[in-house]
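Open the model in your viewer and switch to a cartoon view. We will take the tour one selection at a time.

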Amino acid sequence: MIPRIHKQGSNTLGLLHYLYGKGTREEHVDPHLVASFDGMAPDPGRDPLATKKELQHLLDQPLSLLDADQRPDKHVWHCSVRSAPDDPILSDAQWGDIARRMVAATGIDPGDGAGCRWAAVRHADDHIHIIATLVREDGRRPNHHRSGQRAQVEARLVEADYDLQRVTPGDGTAAQRPTSAERHKAERQGRERTAREELRETVRRAVAGAISEEEFFDRLAAAGLLIRKRVAPSGDLLGYKVALPDDRNRDGEPVFYSGSKLAPDLSLPRIQQRWGSPAEAAASADGSLPAVTGPSFARRRATAATWQALLIIDHGDDGTAAAHIAAAGEVLDALAKTSAAHTRTELREAAFAFERASRSHVKAVRGHDRALRQAARDLVHSGPVLGRGEDGASTAMLIDMAFFLAIAAANWHARKHHSQQAAAARQAAEHLRAAYQAAAVHPMAVLHQRGQHLAPRVRQRQAELIRQVLPELAERALGEAGWPALAATLADAQIAGHNPAALLAEATRRRELDTATSISDVLVWRLRRSAHLPAAPESTHTTSARGSRRTPSPAPTTQPAVSAVNDSSRRR
């Protein structure tokens, strides 16, 4: 059950014309009253003798109790209440009961015999509209302060009483939803998303890893947005607005949205908090870290930062964890912006979903998230991934780690009872899972093939190592389709001079594995990251029994290996 309080208006008759009309797309069917303040209001929808003007006059009568200068300028209260898509169709009597509960809960008609006059109109199976006049029968104004939140509380009770789908309650930190007019406009123009949503995504990508106003606005301009800056007489920048060039109003003018109207954390002051002081911004650009040499380097460094962030979210204090979750959203925005075509859609959806998880009432302590923000910056400046090879494989490595970070964020929010944020992080994780499946097919197939060509005694030695280090999970890992890829990775680590047992112990010590769907996949990427092994090893080489490198005879076919990796990925 989703109630929504609309902006107050001043034209009762105009709203009635809309409620009883055909709708902007002729979607209104059989408009009629389901309830009213006295149960006897005229119904212009089903009574041929009743008129909308008559209903308007009845609703607005309390205004006559006040002198002209005492009447509120915006006296029309409007609330819509919509059922969830999977809810059953409710009867008129049920919708009438819901309407009465909503006006009572919001203070419009609290049941004291002198409440506001109101009427509830139904013109579709799944929702009603409640219109009321904001003057009580005794001439006083109603106490409808925070009516939106009060309506949400009542909606949760309605869901329980009518056994409807439980809608996740919010905490006031969500971005403003597109209006119905914005949605209809997007449909008419053939847009996948509304202008508000497109702008929000573009601005978030511009923020990702940016360290100054100049860089931020340069990115917005490069993305093709129209920009309006609000400048104080002193010359200080106070705010900004953006618009899509082809999104115009009826007068042909661009429709601008301020950053705060796109999302609470996209206002200029909130963005400036990410940059910190000028000294901190300078420190982020001082070149103390090695220069990014390409997409694979940026992805490996982002994977390391994501791993550290994951541990902080699990074990750090609330403010630091909140900062890392917010910065993780920047990494996902940057990753989506620079991803290859076969992963772009899912990564874009992951970033879009995680946006809701990046904000809560827990204040983020900025500064500790510098590594993640730098990782987002590296991803943007390294450029897009154009093919497979090391760039594509390191993308799979990063997505794998980002998946676990999204799960960690979901668990953190759940512990804080942030229901919407937890659900958003879980949704992002599902899109990351799908993106991983697409990104990992080729590199895991190569590793799978190489693992199958290991000498039997080498594979046996790796199996014994797994049983020694992971006694409780060994048989599960050895039975997975990804086991040959893990065996090849352990052999690669040994050739590179590492102690495979120590690497395995480190990979499992700081974060559990028993909830992973594919232990072998997870360990492959953790080991290749910590041992600094190539994410995409050469497919024409394998490890011999003596640890030397030789060119194997080609496998009979690579299809079983690819299929096995796909099966393993689906179980992640």
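Accessible areas here come from the Shrake-Rupley method with a 1.4 Å probe. On that basis, the chain of this predicted model has an accessible surface of about 25900 Å², and carbon and sulfur atoms account for 50% of that surface.

**Whole chain.** Colour by secondary structure to pick out 22 helices and 10 strands. Of the 572 residues in the chain, 53% are buried. Among contacts between residues at least 6 apart in sequence, 73% join residues at least 24 apart.

**The largest core.** Next, select F354 and L432 and show their side chains. Within the largest nonpolar core, which has 89 residues, these two touch the most other members. In soluble globular proteins, nonpolar side chains tend to be buried together.

**A second core.** Select A35, W77, I128 and I130. They are among the 24 residues of a second, separate core.

**A pocket.** Switch to a surface view and select R270, V362, K363, A364 and R366. Of the 21 residues lining the second largest pocket, these lie nearest its centre. The pocket has a volume of about 430 Å³. Which elements give two or more residues to its lining? They are α9 (268-275), α12 (318-337) and α15. Colour the lining by residue type and you will find eight nonpolar, six polar and seven charged residues.

How values were computed:
Residues are numbered from 1 along each chain as its sequence is written. This is a predicted model: local features need pLDDT of at least 70, side-chain atom pairs count only at pLDDT 80 or more; totals for chains, interfaces and linings use all residues. Side-chain values use heavy atoms; hydrogens and water are left out. A nonpolar core is a set of buried Ala, Val, Leu, Ile, Met, Phe, Trp, Tyr and Cys residues joined through side-chain atoms within 4.5 Å. Buried means under 20% relative accessible area, exposed over 50%, partly exposed in between (1.4 Å probe, protein chains only). Helices (H or I, at least four residues) and strands (E, at least two) are DSSP runs, numbered from the N terminus. Contact means heavy atoms within 4.5 Å. On a 1 Å grid over the protein atoms alone, a cavity is a set of points where a 1.4 Å probe fits but cannot get out, and a pocket is an open set with protein on both sides within 12 Å along at least five of seven lines; lining residues have an atom within 4 Å of a point. Grid points are joined across faces, edges and corners, and a volume is the space filled by probe spheres set on the points. Ala, Val, Leu, Ile, Met, Phe, Trp, Tyr, Cys and Pro count as nonpolar, Asp, Glu, Lys and Arg as charged, and the others, Gly among them, as polar.
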